[in-house]
Amino acid sequence: MRRAAWLWLGLGGLAVGIGLAALAVGPTRLTLSEWRRGVFGASDDPLRVIVWELRLPRVVLGAVIGAGLGLAGAAMQGFLRNPLAEPGVLGVSSGASLGAVVIFYSGLTAASPWLMPAGAIAGAALAAGLLVALAGRDSSLTALVLAGMGLNALFGALTTLALNLSPNPFATMDVLFWLMGALSDRSWTHVQLALPFVMTGAACLLACGPALRALSLGEDTARSLGVNLPRTRWLLVAGTALVVGGATAVAGAIGFVGLLVPHVLRPLVRADPWRLLVASALGGAAFLPLADSLVRAWHNGPEIRLGVVTALAGAPFFLALLLRERRRWS
Amino acid sequence: MKARALGGWLLFVLATAVASAGGRPQRVVSLNLTADQWLLELAEPGQIAGLTFLARSPVYCARWEEARRFPSVRSAAEEVLRLRPDLVIAGRWGAGPAVAMLRRLGVRVEMLDAPEDFAGIAAEARQVGAWLGRAEAAESWVARLEARLARVRAARAVPPVAVLGYSQNGWVSGAASAFTRLVEEAGGRNVAVERGVGWMARVSLEELIRWQPEAFVLPAVVSGAPSLGDELLAHPVLARAASRAPAIRLRTGAVDFGGPDVIATVETLAVDLRAVAERRTP
């Protein structure tokens, strides 16, 4: 237990450190004294606006979304007992994108901005429900991944179609954002829109922790230990929909975070599903702002999309996992 | 039956031949937004056989309501042919394959250039007037243009107002853009030019607020059809910057140089810029 606590503390510290360092990264280079002016300066100083209203919301949003996606990935892997499960791979993120797109481009968000996360959450819930219906809980690894692939193709096409049908000529350019998410030009408004949902969803997923730990011993053992499986399934679907919907509504579909983070951390918690949940949330909060600021520091020019970076890091990892699983069967 | 149809066809061909011999095309199709505006300004309504689909959109064309009275085309050759045009007006840029095909099929196609200044626009008016057989209409339009231009130039803001044009997805127009010419005619100077932007560049909000213009020019909002690009223009940081430097809204299609509507854009822009200049603290 003490060991897990140290790990959590270390990951939390890492997330805070990366967040602070990320405040120094952006398209305008700030000298040390300018940076100090940005942090402590007068409220109408452009430098202060840069640090407090452009960079900080971006870092905070990255940490919130990273934490949510890491947690969702760990929870899905634990419940489905499938190492390849992840919101992006299984089509939950693209379901959320579709939900947000339908609400936003039909002009409904003019009535209330909260309709946007609501739409995304409905889309994510629909995807998660379809997934359970299509693959079932005891389905094989391949059936689940194939169902996810089908959902991704379907939701991606419907998202593109919805954007094509918009009378606004700029809507078509937004395809990239919804299929390959980003944190560019986000503000406190977006943090405000995402935070309540990601937090509530995270609470649902963390509440699944003890049940996931029991489930790792097998379904029958879990039942004899008093785990209520339908309730766990319900909590997990709701939690995943809230987390992924809240995140996707403001940042588009960012894939593979829920795959990379839990797999890197799993050996450090001796594969304990409950400890892994907390560690994945903290690890995700460190990973996503790190990925976001590394790209910004390295590439000066048109911004490289965060969704592209996480996919470039995650997809080879996914393929390697697939290879490992195949060897295990044969 | 067949003979009658053929007879009708011959009669039609003869009629168009006579009409073109009279020097006035009767079925003109436009493949270019500037040409759409010229047709709506200079042609007799009966001469217009088709306008581009862009002309019907309030995003691009001030005369969109008027344009909806005419058939629309998307610059595909077969669509144009179905309208049986005796003159097609296209832009020098774009519409390449369709133009080549129409010419091969014997349709008369004329090309508009992109004018550099108001002298160029006056020349454009006379040229379109000549193509349409409406030289007198063109002459009287040019006379009105010169009067309006003289009024604008007499009342321009001095010294010019520092302006930054920011559009969807963070695009900024620079030295070689039509936007800079519009702004300079209207009594402003484009700060992006001083920052080294050539034609267009994407500029982040971070850089943008450090440039500190006296006024922003933003694209007009499309009602009821949002996009993330438009949402960026409502970013709190930009809204805050706009509390010091007012935001002037301009139709997306108006940020172009050429056609009869440029003068109206310059006039409204000049009024807005003069208002900004008058609020300067001495």
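Let's start at a single spot: A:Glu34 and B:Arg210 form a salt bridge, with their closest N and O atoms 3.1 Å apart. A salt bridge here is a side-chain nitrogen of Lys or Arg within 4 Å of a carboxyl oxygen of Asp or Glu. Between chain B and chain A the count is 3 salt bridges.

Before going on, a word on the model: it is predicted, so local features need pLDDT of at least 70 and side-chain atom pairs count only at pLDDT 80 or more, while totals for chains, interfaces and linings use all residues. Residues are numbered from 1 along each chain as its sequence is written, chains are lettered from A and ligands numbered from 1 in the order in which they are written, and side-chain values use heavy atoms, leaving out hydrogens and water.

Now for the interface as a whole. Here 27 residues of chain B are in contact with 35 residues of chain A, where contact means heavy atoms within 4.5 Å. The two chains bury about 2400 Å² between them, 61% of it on carbon and sulfur atoms; this is the accessible area (1.4 Å probe) that two parts lose on being put together, summed over both. B:Glu206, B:Arg210 and B:Leu228 supply 28% of the area that chain B buries against chain A, more than any other three residues.

Step back to chain B itself, and you'll find 13 helices and 11 strands. These are DSSP runs numbered from the N terminus, helices being H or I with at least four residues and strands E with at least two. Its C-alpha trace spans about 80 × 40 × 30 Å along the principal axes. Of the 282 residues in chain B, 49% are buried, and buried means under 20% relative accessible area (1.4 Å probe, protein chains only).

Strand 10 (residues 215-219) of chain B pairs with strand 11 in the parallel sense over 4 bridges; pairing takes at least two DSSP bridges. B:Phe216 stands opposite B:Ala247 in strand 11 of chain B.

Finally, look at B:Arg63, in the loop between strand 2 (48-52) and helix 3 (64-67) of chain B. B:Arg63 is buried, with a relative accessible area of 16%. Leaving aside neighbours within four places in sequence, B:Arg63 is in contact with residues including B:Gln37, B:Leu40 and B:Pro260.

How values were computed. Buried means under 20% relative accessible area, exposed over 50%, partly exposed in between (1.4 Å probe, protein chains only).
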